[in-house]
Amino acid sequence: MVARWGALVQTAYLLTGDFHEAEDLVQTTLAKVYPQWRRIRAETAASYLRRALVNNNRSRVRRRRVGHLLMPFLPDTPAPAAAAPGEDRDPLVAALAGLPERQRAVVVLRYWEDLSVEEVAFELGCSVGTVKSQASRALGKLRADPTLTDHAADLLGATR
C-alpha cells in the first residue's frame, strides 16, 4: 500500500478535483480494503484497489448529492479549494471536474491509468460499449472546453 500511495492519490485527485479530498478518499479506501487484504491475490491487488477507489468515489458523490437534496436551503458557495504545496490547479483538472462522475472515471482509468477498454469495463462493472460511449462523450466535452482550447493555444504560441 505504501508503494501505491502516490499513484492512488494522483488517480483520486483526478476523480475528485481536490487534493485533500483525494487523500481522504484514498485513506477511506485503504481502511475499507485492509480487513480483506489477506484474501486478495497479489496479481489482482492493483485492480482491486482501483475498483474500490472508484466505488468509494461514487459513494462520496452520491452522499454529497443526497445531502444537497435534503437541505432546506443551499449553503454559501465554498471558496475555491486551496492548492496543496507544489500543486497547480491546471486546466485539465478543472475540465475533468466539469464532467459527470462516470465519464470522469472512464477518462481517468482509460487514459491516465492506461487501462484497456475491457479492463475499464471490469473496473466500473459495466459493458465495453458503455465505456466506449462514455469515453467518446467525455472526450467530446473536453475538446469543446474553452479553457483547454485556450490553454492549448497558449502552449502552441509559446513553442513557436
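In this predicted model, Val117, Glu118, Val120 and Ala121 of helix α6 touch Val128, Val131 and Lys132 of helix α7. Sorted by class, the residues in this contact are 5 nonpolar and 2 charged, with no polar ones. Helix α6 covers residues 117-124 and helix α7 covers residues 128-144; their axes come within 8 Å and cross at roughly 105°. Angles of 65 to 115 degrees count as roughly perpendicular, and α6 and α7 are therefore roughly perpendicular to each other.

Helix α7 also packs against helix α5, which spans residues 101-112. The angle here is about 95°, and the axes lie 9 Å apart. Therefore α5 and α7 are roughly perpendicular to each other as well. On the α5 side, the contact is made by Arg102, Gln103, Val106, Val107 and Tyr111. On the α7 side, Thr130, Val131, Gln134, Ala135, Arg137, Ala138, Leu139, Lys141 and Leu142 take part. The classes in the contact of α5 with α7 are 8 nonpolar, 3 polar and 3 charged residues.

| Helix pair | Axis distance | Angle |
|---|---|---|
| α6 and α7 | within 8 Å | roughly 105° |
| α5 and α7 | 9 Å | about 95° |

Another feature is a pocket. What is the volume of the second largest pocket? The value is about 170 Å³. The residues that line this pocket are Val9, Gln10, Tyr13, Leu14, Phe19, Asp90, Leu92, Val93 and Trp112. Two elements, α1 (5-16) and α4 (91-97), each give two or more residues to the lining. Helix α1 supplies the largest share, 4 residues. By class, the lining has 7 nonpolar residues, 1 polar residue and 1 charged residue.

The average pLDDT is 79, and 77% of the residues score at least 70. Which element has the highest mean pLDDT, and which the lowest? Helix α7 has the highest, at 92, while helix α8 (residues 146-159) has the lowest, at 64. Over residues 82-88 the pLDDT stays under 50, and the model has 5 contacts beyond four places in sequence for this stretch.

Conventions
Residues are numbered from 1 along each chain as its sequence is written. This is a predicted model: local features need pLDDT of at least 70, side-chain atom pairs count only at pLDDT 80 or more; totals for chains, interfaces and linings use all residues. Side-chain values use heavy atoms; hydrogens and water are left out. Axes are lines fitted to C-alpha atoms, for helices over the stretch in contact, and angles run from 0 to 180 degrees between N-to-C directions. Angles under 35 degrees count as roughly parallel, over 145 as roughly antiparallel, 65 to 115 as roughly perpendicular and the rest as oblique. Contact means heavy atoms within 4.5 Å. Ala, Val, Leu, Ile, Met, Phe, Trp, Tyr, Cys and Pro count as nonpolar, Asp, Glu, Lys and Arg as charged, and the others, Gly among them, as polar. On a 1 Å grid over the protein atoms alone, a cavity is a set of points where a 1.4 Å probe fits but cannot get out, and a pocket is an open set with protein on both sides within 12 Å along at least five of seven lines; lining residues have an atom within 4 Å of a point. Grid points are joined across faces, edges and corners, and a volume is the space filled by probe spheres set on the points. pLDDT is the predictor's confidence in each residue, from 0 to 100.
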